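Here are a few notes to read with the model open beside you. Take them one at a time and find each spot as you go.

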Amino acid sequence: MAKRLTASLLAVAGFVASIAFAQAEEKTAQGFAEYVTALKAEAKQKGFNESFLTDAFNDISFRPTVIKSDKNQPEKKITLDSYLASRVPDWKVQQAVEMYNKHKPLLEEIGQKYQVQPRFIVALWGNESNFGRIQGNYSVLSALASLAYEGRREKLFKDNLFAALTILDEGHTSVDALKGSWAGAMGQSQFMPISFLNYAVDYDGDGRKDIWQTEADVFASIANYLSSEGWDNNGTWGRQVSLTQPIKAFGLSKSLYKPLADWQQAGVRRFDGSDLPNADISASLIMPDGSEGRVYLVYNNFHTLMKWNRSSYFGVSVGYLSERIKRGY
C-alpha cells in the first residue's frame, strides 16, 4: 500500500512538474510583445506621456536569460568562510582602503550630514559594485519587463518597471544608459528603481541623481538609505563571539533581541573567551552556518543592513570589510 501511494505521489509530482515546465515554455517573444503592449497602456493610465512611452518602450525586448537566471539561482552550497574569502579578499580590502583615503574629505562630509560612518559607505560600495566597476550591462527596462512577464513576482517587477519610467521621466538618466543587473538593480549602489526613488540623492546639485557615474551621489545615496532605515552612527555592526554552552534560541527575530548582559549570562563570550562588554547594548545572536560555524552578536546596524539585503552572509561581509577599512588593511 505504502509503495503504491509513493508511486502515485511521484506520478502526481511529475505531472505537476511537467505542467510547470510547459507553462515556462509558453513564455514566448510573441506573448511578451502582447504583455508589453498591456504594460504600456497601464503606464499611460498612470500619467506618462505617449511620446515618452514610445521612446522608452521602443527597445524593450524579451530576455529569456533573465528569466532563467531568476529561476536557477544557485542553492546555498558555500560556507560563510568561503563566502568571505570570495567577497572580501585581501586585494579588495586594499582597494577599499585606497578608495576610502582617496575620497576621504567627501566621505567624511557625507558621513557627517547623514550620520553614517564612512567606512560602511565604502564597504557597501565595494560589495555591491566593486567600487563602481561592475554595475551590470542589462537593459533595466527589458529585464524588469521580462521578469514581470514571467509572472512569479509580477507585481514586484511591474512596480519597479514603473519606477524606472519615473526615473527616466525625471531626467536622471537616459534609456540607453539605464543599465543594471539581470534583476534590474542599478548603478554603483545597485539600487532597484523603487529604492532609487526612495533614497537616491542629487548630492552635487546638478539636477540629476546619478548613481551610475557621480561618486558624490553614490555615497550620499548609500548613506541616505542607511540613515533613513535607522542607522546608529554611534554604534557598530556586531562582533564574532564564542559559546561556553549550547544555545538553542538564536536568530534575527525581535523576540530574540537581548541585552549583552543576558547573552553573557547565557554563556556567550568574546571570541577570545573573555567577558562581553559591560554596556547597555542589545544584540541578536546569529549562527549563519549553525553552531559549528562562526557565531556573531549583531546589533541594530546589522538589522539595518538586512533591510538592504536579507542575507546574513552579505551583512557579515559588509561588517567585516568595514572593520578591515577601519584597521587600514
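This is a predicted model: local features need pLDDT of at least 70, side-chain atom pairs count only at pLDDT 80 or more; totals for chains, interfaces and linings use all residues.

1. Now find strand 3 (residues 238-243) and strand 7. These two pair in the antiparallel sense, over 4 bridges. If you want a landmark, look for Val 241, which stands opposite Val 295 in strand 7.

2. Strand 7 has another partner to look at: strand 6 (residues 282-286), joined to strand 7 by 3 bridges. Strands 6 and 7 run antiparallel as well. Here the landmark is Ser 284, whose bridge partner in strand 7 is Val 298.

3. Which way do the side chains of strand 7 point? In a regular strand they alternate between the two faces of the sheet. Check it on strand 7 (residues 295-298): Val 295 and Leu 297 point one way, Tyr 296 and Val 298 the other way, and all are buried.

4. On to a pair of helices. Two packed helices are described by the angle between their axes and the distance between the axes. For helix 12 (residues 215-228) and helix 14 (residues 300-308), the angle is about 120 degrees and the axes are 9 Å apart. That angle is why helix 12 counts as oblique to helix 14. The crossing of helix 12 past helix 14 is right-handed.

5. What touches what in this pair? Helix 12 brings Ile 222, Tyr 225 and Leu 226, while helix 14 brings Thr 304, Leu 305, Lys 307 and Trp 308. Sorted by type, the residues of this contact are 5 nonpolar, 1 polar and 1 charged.

Key:
Residues are numbered from 1 along each chain as its sequence is written. Side-chain values use heavy atoms; hydrogens and water are left out. Axes are lines fitted to C-alpha atoms, for helices over the stretch in contact, and angles run from 0 to 180 degrees between N-to-C directions. Angles under 35 degrees count as roughly parallel, over 145 as roughly antiparallel, 65 to 115 as roughly perpendicular and the rest as oblique. A crossing is left-handed if the near helix is turned anticlockwise from the far one by less than a right angle, and right-handed if clockwise. Contact means heavy atoms within 4.5 Å. Ala, Val, Leu, Ile, Met, Phe, Trp, Tyr, Cys and Pro count as nonpolar, Asp, Glu, Lys and Arg as charged, and the others, Gly among them, as polar. Buried means under 20% relative accessible area, exposed over 50%, partly exposed in between (1.4 Å probe, protein chains only). Two strands pair if DSSP finds at least two bridges between them.
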